[in-house]
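I opened this model to look up its confidence, its sheet and its cores. My notes follow the order in which I checked things.

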Amino acid sequence: MSEQEQTLSLVDVLQEDQELQEEASAVLAGSDAEHCSYPQGYVKRQALYACNTCTPKGGQAAGVCLACSYKCHEGHDLFELYTKRNFRCDCGNGKFADTRCQLFRDKDEVNQLNKYSHNFFGEYCTCRRPYPDPEDQVEDQMIQCVLCEDWLHGRHLGCALPDGAELHEMICQSCMEANDVLWAYVAPPARSAGASPDRAGRKRSHGDEGAPPPPCRLKGLGAGGRPPGAVFWPPGWRSRLCRCRPCQGRLSEAGLSFLPDESDTVLAYERKGEREEAATPARDPLMSALSNLDRVRQLEIIHGYNDMKSELKDFLQTFAAEGKVVTSEDIRDFFERQQSRKRRRADNSFHCA
Ligand SMILES: [Zn+2]
Ligand SMILES: [Zn+2]
Ligand SMILES: [Zn+2]
Ligand SMILES: [Zn+2]
Ligand SMILES: [Zn+2]
Ligand SMILES: [Zn+2]
């Protein structure tokens, strides 16, 4: 039996349990765990991975879909890219020297429209550190820029985080600097504060305070200063962007046509997963517990699950047998115990004669 046959994928295990499979598809929100997404072309939003084994730093960046991460790169050193927009699976294409895609072979050499970043080599933020970062002891959160889709440390955004930052969308400083058109929306007329992002202490003066807001926000462009730092945008801001023809034109020139589309947001993507999840009758305790963890942590655990599924099943069965509810702490503890066991195993090998 080859190693590949012995190693069941998460998908195989989940197939044993239809219910669990449906729940997992909600966690990975609509990304197909079985079929390579390549035939769908540039997918609006999908879970994405980069393979440090197949396409390491120093070479060309490449990204693979969820199904390929399981089937074609099992046991490889994968970077979680969370979700990215408008990406076509690269698995096995011209960027891969040895690996052939086992799910979909007939691929172009390159996907010209894919966008890549240092994330594809396991580096995040302007400080270009790995995540998780073994050398970083500072408690901080990673926030994804909705334009470049890089993940940035909260402390490296160059601005204070607004209350309820997790409900906002963030555009990083370099994206704000690169996209003039966005500044039209930063300090809208006082009468329509709805789309105003949180930018403490920043108010643009308007000559005509009593008049109704102008129909087009671009008329205010360039009227104020532009303090450095990221900008946080409140829930629903995209649907309130000006839709007049010149504005649409400027957004599309800047490659930002996706911005007024609420269904482009990560939130919409997650809700889609939740709707699919709600269609299933009973919630699995594992997935309920997972849903209380943040997304990056969830994805780490889903991948961890792949390696330790039998231990995890035993663990969950003890809860089921005792009729207890599994909490996210229980799940976290389980994975942390597994991790430290792994580390100890690695440490011990140094002392083996
Ligand atoms: Zn694929
Ligand atoms: Zn690989
Ligand atoms: Zn593949
Ligand atoms: Zn950083
Ligand atoms: Zn950015
Ligand atoms: Zn307009």
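These entries go from the whole chain down to single residues.

**Ground rules.** I am reading a predicted model, where local features need pLDDT of at least 70, side-chain atom pairs count only at pLDDT 80 or more, and totals for chains, interfaces and linings use all residues. Residues are numbered from 1 along each chain as its sequence is written, while chains are lettered from A and ligands numbered from 1 in the order in which they are written.

**Overview.** I looked up the elements and found eleven helices and seven strands. Helices (H or I, at least four residues) and strands (E, at least two) are DSSP runs, numbered from the N terminus. I then checked burial: 30% of the 353 residues count as buried. Buried means 20 or more other C-beta atoms within 10 Å of the residue's own, exposed means 12 or fewer, and partly exposed lies in between; C-beta atoms are placed from the backbone. Next came contacts, meaning residue pairs whose C-beta atoms, placed from the backbone, lie within 7 Å. Among contacts between residues at least 6 apart in sequence, 69% join residues at least 24 apart.

**Confidence.** pLDDT is the predictor's confidence in each residue, from 0 to 100. The protein averages 76, and 65% of the residues score at least 70. I looked at both ends. Residues 1-15 fall below 50, yet this stretch has 20 contacts beyond near neighbours in sequence. Residues 343-353 also fall below 50, and there I find zero such contacts. Where pLDDT is low, the predicted coordinates should not be read in detail.

**Sheet.** In what order do the three strands of the open sheet lie? I read S2-S1-S3, with antiparallel pairing. Two strands pair if DSSP finds at least two bridges between them. S2 and strand S3 (78-87) stand at the edges with a single partner strand each, so one side of each has no neighbour in the sheet. Seven bridges join strand S1 (residues 43-51) to S3. I noted two positions there: Tyr49 has Glu80 as its bridge partner, and Cys51 stands opposite Leu78. On the S2 side, S1 has two bridges, and Leu48 stands opposite Cys65. Eight of the nine residues of S1 are buried, so S1 is largely enclosed by the rest of the structure.

**Cores.** A nonpolar core is a set of buried Ala, Val, Leu, Ile, Met, Phe, Trp, Tyr and Cys residues joined through C-beta atoms within 7 Å. Which residues touch the most other members of the largest one? Met170 and Ile171 do, in a core of 27 residues. Strands S5 (151-153), S6 (169-171) and S7 (231-233) each supply at least two residues. S7 gives the most, with three. I listed what Met170 touches, not counting residues up to four places away in sequence: Ile143, Cys145, Val146, Ala230 and Phe232. A second, separate core has 26 residues, including Ala47, Cys65, Ala67 and Leu103.

**Leu312.** I finished in helix H10 (residues 309-322), where Leu312 sits. Is Leu312 buried or exposed? Leu312 is buried, because 20 other C-beta atoms lie within 10 Å. Phe335 is 23 residues away from Leu312 in sequence and 8.8 Å away in space, C-alpha to C-alpha.

How values were computed: Two residues are in contact if their C-beta atoms, placed from the backbone, lie within 7 Å.
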